[in-house]
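Student: Could we go through this model together? I would like to begin with the backbone and then move on to other topics.

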Amino acid sequence: MLTIYSDSHRLQHGRSELIDGTLKPCFETPSRADMVLAAVRQRDLGDVVHPRRHGLEPILRVHDEGYVRFLETAWQRWSEMGRDYDALPKMWQIRRLREAVPEHVEGQLCYYSMDCGTPITAGTWQAATASVDVALTGADRLIGGERAAFALTRPPGHHAARDYCGGYCFFNNAAIAAQALRDHGMHRVAVLDVDYHHGNGTQDIFYHRSDVLFLSIHGDPRTEYPFFLGFADEKGDGEGLGYNFNFPLAAGSCVSTWFFALDCALEQIARFGAEALVVSLGVDTFEGDPISRFQLGTPDFVTLGARLAALKLPTLFCLEGGYAVGPIGDNVVNVLAGFEA
Ligand code: SP5
Ligand code: ZN
């Protein structure tokens with residue numbers, strides 16, 4: 001399988017995130033992508049190519065223009081105030097506060113963020129746009145007739161909604177790629193999110209649409225991040241009613257429960273008549289993940305890949321979460337190898 005990779009991911013190197021009440025070193029680190037790339041090479045998955053630049057147009061098909069301009073200028077405006085530390089928000093536009101975009105970068109940072117774990121740094125814009133290019137170059141390959149491609153996207157994307165960042169995500173790589181597939185003639189695209197955390201951003205982007213089916217298997221939001229979306233009764237709205245499926249599972253759920261949910265999701269994808277599949281591939285479902293609570297073992301990821309392959313669809317894998325840095329490479333490559341076996 002072809003891998004698309006860019007060194008620009010290193011430019012996203014946040015110092016800290018607010019977790020359990022203190023600023024801790026970011027879980028989402030450059031070493032994650034380095035480990036995945038090393039495993040791709042070591043296990044001879046296939047060629048590794050650089051992305052092609054696609055510009056802002058495909059991003060603006062999915063994201064709000066004000067949000068995109070904010071991300072483009074945020075670091076410069078932040079650092080002009082003499083701040084050399086990562087930009088993190090400190091309040092939110094919560095219930096009954098005015099829903100208006102503030103003028104000041106500080107207020108905009110709060111307005112356009114979902115959480116306090118997604119630092120904007122000097123290199124965020126470059127890293128996030130390169131990550132989109134990685135996903136779009138993968139989509140190009142599918143459009144060109146390839147069976148599958150692996151977009152080694154970092155920073156990840158699935159928590160980024162139409163107009164906010166969060167959960168270590170800035171642009172929704174998988175959603176932008178799915179939209180690109182639609183724009184290049186694929187009529188029905190399914191996005192399957194297997195990251196431990198609900199793909200709130202992707203759901204947000206496609207919630208009113210019937211041409212992109214969204215399905216997510218994740219830790220139950222009653223106890224797990226992102227808490228405010230990902231419940232089973234969210235089924236889509238308007239045209240999109242019946243085209244959104246959430247499979248929330250209790251934290252600590254066993255492997256067979258997880259694979260049962262996967263089978264339900266795969267059945268829906270087949271029923272939908274998808275012409276292409278985008279997989280939001282988080283491996284924070286791993287038993288050793290430091291911030292998540294499912295129990296998949298390293299060999300289970302081979303099984304996941306094999307089950308996805310059984311759909312027989314052109315498939316684009318986009319990397320999302322996974323924070324057990326030592327095993328992340330084997331876990332990810334196991335999915336891809338299982339797919340190809
Ligand atoms: C892409 C992705 O996987 N984003 C995940 C963002 C999760 N951020 C908040 C995690 C909070 C976990 N709390 C557990 C604390 C363990 N001490
Ligand atoms: Zn995750």
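Student: Where is Asp44 placed?
Tutor: In this predicted model, Asp44 sits in the loop between α1 (30-42) and β4 (48-49). Its phi is near 55°, a positive value in a residue other than glycine.

Student: And is Asp44 buried or exposed?
Tutor: Asp44 counts as exposed, because its relative accessibility is 67% and the cut-off for exposed is over 50%.

Student: What is the phi of Tyr168?
Tutor: Tyr168 has a positive phi of about 75°, although it is not a glycine. This residue belongs to the loop between β5 and α6. Tyr168 is buried, with a relative accessible area of 11%.

Student: Which residues does the cis peptide bond with omega of about 0° join?
Tutor: That bond joins Arg154 and Pro155. Pro155 lies in the loop between β5 (148-151) and α6 (173-183). A cis peptide bond also joins Tyr225 and Pro226, with omega about 10°. Pro226 is found in the loop between β7 and β8 (244-249).

Student: Changing topic: what is the strand order in the open sheet of eight strands?
Tutor: The order is β4-β1-β5-β10-β9-β6-β7-β8, with parallel pairing.

Student: Which are the edge strands, then?
Tutor: They are β4 and β8, each of which pairs on one side only. Two bridges join β4 to strand β1 (residues 2-4), and these strands run parallel. Within that pairing, Ile4 has Val49 in β4 as its bridge partner.

Student: How many bridges join β6 to β7?
Tutor: Five, and the two strands run parallel. Ala190 stands opposite Leu213 in β7. Strand β7 (residues 212-219) is mostly covered, with eight of its eight residues buried.

Student: Now helix α5. What span should its 20 residues have?
Tutor: At 1.5 Å a residue, helix α5 (residues 124-143) should span 28 Å. Its end C-alpha atoms are 29 Å apart, which agrees.

Student: How many of its residues are buried?
Tutor: In α5, 15 of the 20 residues are buried, so the helix is largely enclosed by the rest of the structure. After α5 comes Gly145, whose phi is positive, near 105°.

Student: Which side chain meets Asp140 in a salt bridge?
Tutor: The partner is Arg52, at 3.5 Å from N to O. Asp140 lies in helix α5 and Arg52 in the loop between β4 and α2 (57-60), so the pair ties together parts that are 88 residues apart in sequence. Asp140 counts as partly exposed, at 26% relative accessibility.

Student: How many salt bridges does a search of the whole structure find?
Tutor: It finds 19. One of them joins the side chains of Arg10 and Asp34, at 3.1 Å from N to O. Arg10 is in the loop between β1 and β2 (16-19) and Asp34 in helix α1, 24 residues apart. Another is formed by Glu146 and Arg141, at 3.6 Å from N to O. Glu146 is partly exposed, with a relative accessible area of 31%. Salt bridges that share partners also join Asp7, Arg10 and Asp34 into one network.

Student: Last topic: which residues form the nonpolar patch on the surface?
Tutor: Met91, Trp92, Ile94 and Leu97 form it, with about 370 Å² of accessible area together. Met91 is located in the loop between α3 (65-79) and α4 (105-111). At 47% relative accessibility, Met91 counts as partly exposed.

Notes
Residues numbered from 1 in each chain as written. Chains lettered and ligands numbered in written order. Predicted model: local features only at pLDDT ≥ 70, side-chain atom pairs only at ≥ 80, totals over all residues. Heavy atoms only, no water. Patch = residues over 30% accessible without salt bridge, like charges linked within 9 Å, V, L, I, M, F, W, Y side chains within 5 Å. Areas by Shrake-Rupley, 256 points an atom, 1.4 Å probe, with all protein chains shown as cover. Salt bridge = Lys/Arg side-chain N within 4 Å of Asp/Glu carboxyl O. Helix = DSSP H or I, 4+ residues; strand = E, 2+ residues; numbered from the N terminus. Buried < 20%, exposed > 50% of the residue type's maximum accessible area, 1.4 Å probe, protein only. Expected span 1.5 Å × (residues − 1). Pairing = 2+ DSSP bridges.
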